[in-house]
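Here are some friendly notes to read alongside the model. Please keep the structure open while you go through the points.

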Amino acid sequence: MTDEKRAARTATETCQDDLARALAGAERTNALLDRQVFRLRTLYEVTSELAGLDDSRAICEAFLLLVMGPLGLVSGFVLHTDRDAHPDEVDMTQRGLEEAESRRLRDGVATLFDKLFHPGSDRAQRPILLSGAHLGRGSELPPSIRTLAAVPIGRADHLLVGFGPNLAGEEPGPDELDLIQSLVVNLRTSLATARAAETVARLNADLARKNESLNRSLDRVLAAQAELDRRAFQLRSLYEVASDLSGLTLPGDVADVFLLDLLGVVSAADGYLAVCGADPGATLAAARGANADAAVAALVAPEAREAVLAAHVSLKDRLPHAMQAVLVTEPGPLSHLPRPAEAALFFAVDRDCRGVVGLGPRLAGGPYGDDASFLGSLATSFLSALARARQYETITRLNRELTERNAELTRTIADLTSARQEIDLLTAAKERILSLVRGELLQAGKVRLVDFVLILAFGTALGLLYNLASPSGIPLVPPALLAPAPAAVSAPEAATLLAGGGLIIDARPAEFHQAERIPGSINMPSAIFDFVYGMHLSTRDPELPVIVYGRTVSSRHDLEAAQKLERLGHVSVRVLEDGLDGWRAAGMPVETGP
Amino acid sequence: MTMHLRALLSPAGLALVCRLYLGGLFVYAAMYKINYAAEFAATIASYRLVPYAMVNGLAVVLPWVELVCGLLLVVGFRVRAAISTIGLLLVVFTLAIVVNLMRGAGISCGCFHTVEDPISWWTVARDLIWLAMAALVFRYDALFQLDRALLRGLKEVGA
């Protein structure tokens, strides 16, 4: 139970106490009692009437009515202002006042209140009740006013109640003043209650408003939460797709994995992917769902490539640039595609490489158009991975070619190295030969010892060979030297032998014999040996001592002749020692001249 | 024509002429002596300068040496060596003739035929002329040399 209600009850009890006292003194007068009963009834009516009202204005009006009626008052007014809550608002209720009076009253409210209420007054204080005709002398109050009650309700919440005279023109008596006072207190209570109720209602309304706005905020928060969840899901999907694609190096793998992930993320029943390059036979295709194999076979065909490219062309200015993807949900471009799709991502890796991802119906989530940016991001991820895989392919191919080239080059280098070594060798050989030749050329002009040696050697060899082979060859060593030499005899011995009848032969050529000879010698040159032998010796005794002389440095005529004589049978053939020179040296006579 | 004559009159040309002459001379001289070795041996013996034991050997070898040198000269191969040999032989022959002239021996030269005119100072003069020609050849001969000709092709290679 609110304080105001409790206060009302307390007032009621107070009144009831009065009644009890009145009843105890009822014996005094019935009329008094009746009057009191009347007043009480008034009080009760007012109270109960006022208790049921909420609106302060209604309360004031009802109060005025209820008070003025039973008391028979002509005029009355209630001025209520709450300078804290509504500083400029003045609630004025009046009955029976003239237009000008009420206007003046209204205008003078502030002054009145300042006069009548001091700051800090509150409800605990009892209302001030003034009565008398003098009250109307002020400029603000109407002249007819006879009773004035100043009732503080709150700190700046004031109530001013004024009544005029009653019908009889009389001022209210003390009982009436009492009544008025009680009524005014009641009024105050009711007003306070009404104020409180008002405040409660206002607070309620505020609360309801705040509630509503909180609900709205909550809805927004929930919506934002849902949005965040969706975004989180999309980001996670992007991350997972990107990480799935990151390790792949083959374009086929990239296509398969991406299609699988994409269909999972968008919850599509089936889908296909086709990447068309410059080469009509090298379309990369992947498909999932029912009839996946047939779809792949259809997409790899050249007609499918034409269809895809025609679909790209039909996009006109929405045609994707390099590394860009466009989501298309309109049936127009989709009709060009080789296989049906509910929505398609048209993408281009570069000028030569274009493709499309066809998506079947979604099993969960909204239309494809709602997720356009998300699908675009997924497609970008895919395009990067695809571009990377293609580059990796290119790099691998280039690497292989490089390796082959390298091997070729290594072989060529080896060949060149060996060729160069050969060339070096040949050059060295040539240099050597040239130096030899130069040496020879230089030598051509010189005389070398070896030339002499060779000439001599050749000459000797040829001579010996010819000599050996020729019929007119001569013995190298004169046979006269080889055959046993006849005995030598000295000049005196020879002289003795000659004196004993021996023969002396001069074997030298004739001119030598003519020039100088031993006297008595027979000239027997080898040329005419036989002739002379026949002339002089053939008839002689073979045992006759024969002495032969006639040698020079270069010839052994004496030996040859002696050997011939020996062969012819002469036994005593001797050679003169030292020849003619020995003979002469021994002092023997020598003949000269012809 | 004049160019050729002029070429002939140059030292190299004269040397060439002398070389060919001497070469031909010695080839011709050698041929008889090769065939009649015994006569040649007798001729050598008649000079009374060579020891008895060496006469036959010399008679066998000397003509062939003359032939080889003569051929070398004609062909122009190792000219200087050949002409040096021939010069040496000429010196030896000249000395032998001079010695025998001083002895007064009336032997025949033995250069070409066995039976020839006896040696005289004209023989010595002749031999000296030949020696001078040999000297000329030694100093100036440069044309038509076989060893140079053989090696001429190699000049192209930069020798």
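**Notes on a predicted model**

1. Let us begin with H570(A), which sits in the loop of chain A between helix 17 (557–567) and strand 16 (573–576). Please keep in mind that this is a predicted model. H570(A) counts as buried because its relative accessibility is 4%, and the cut-off for buried is under 20%.

2. What does the side chain of H570(A) make a polar contact with? The partner is the side chain of Y533(A), at 3.1 Å. Leaving aside residues up to four places away in sequence, H570(A) touches Y533(A), L537(A), D541(A), P542(A), V546(A) and L565(A).

3. D541(A) lies in the loop of chain A that runs between helix 16 (529–537) and strand 15 (546–549). The C-alpha atom of D541(A) is 9.6 Å from that of G569(A), although the two residues are 28 apart along the chain.

4. Now for the meeting of the two chains. In chain A, 38 residues are in contact with 39 residues of chain B. The area buried between the chains is about 3,200 Å², and carbon and sulfur atoms give 70% of that area. On the chain A side, the residues that lose the most area to chain B are I455(A), I474(A) and S554(A), which together account for 20% of what that side buries.

5. The rule finds one salt bridge between chain A and chain B. R78(B) forms a salt bridge with D451(A), with the closest N and O atoms 3.0 Å apart.

6. Which helices of chain A each supply at least two residues of the side that touches chain B? They are helix 11 (372–444), helix 12 and helix 13 (479–482). Helix 12 gives the largest share of that side, with twelve residues.

7. Finally, please look at L462(A), which belongs to helix 12 (residues 449–469) of chain A. L462(A) counts as partly exposed because its relative accessibility is 32%. Together with L449(A), V450(A), V453(A), L454(A) and F458(A), L462(A) makes a nonpolar surface patch of about 550 Å².

Note on methods: Residues are numbered from 1 along each chain as its sequence is written. Chains are lettered from A and ligands numbered from 1 in the order in which they are written. This is a predicted model: local features need pLDDT of at least 70, side-chain atom pairs count only at pLDDT 80 or more; totals for chains, interfaces and linings use all residues. Side-chain values use heavy atoms; hydrogens and water are left out. Helices (H or I, at least four residues) and strands (E, at least two) are DSSP runs, numbered from the N terminus. Buried means under 20% relative accessible area, exposed over 50%, partly exposed in between (1.4 Å probe, protein chains only). A polar contact is a pair of N or O atoms within 3.5 Å; within protein, one must be able to donate a hydrogen and the other to accept it, and residues adjacent in sequence count only if both atoms are side-chain atoms. Contact means heavy atoms within 4.5 Å. Patches are made of residues with over 30% relative accessible area and no salt bridge: like charges are joined within 9 Å, nonpolar side chains (Val, Leu, Ile, Met, Phe, Trp, Tyr) within 5 Å. Accessible areas come from the Shrake-Rupley method with a 1.4 Å probe; for residues, only the protein chains shown count as cover. A salt bridge is a side-chain nitrogen of Lys or Arg within 4 Å of a carboxyl oxygen of Asp or Glu. Buried area is the accessible area (1.4 Å probe) that two parts lose on being put together, summed over both.
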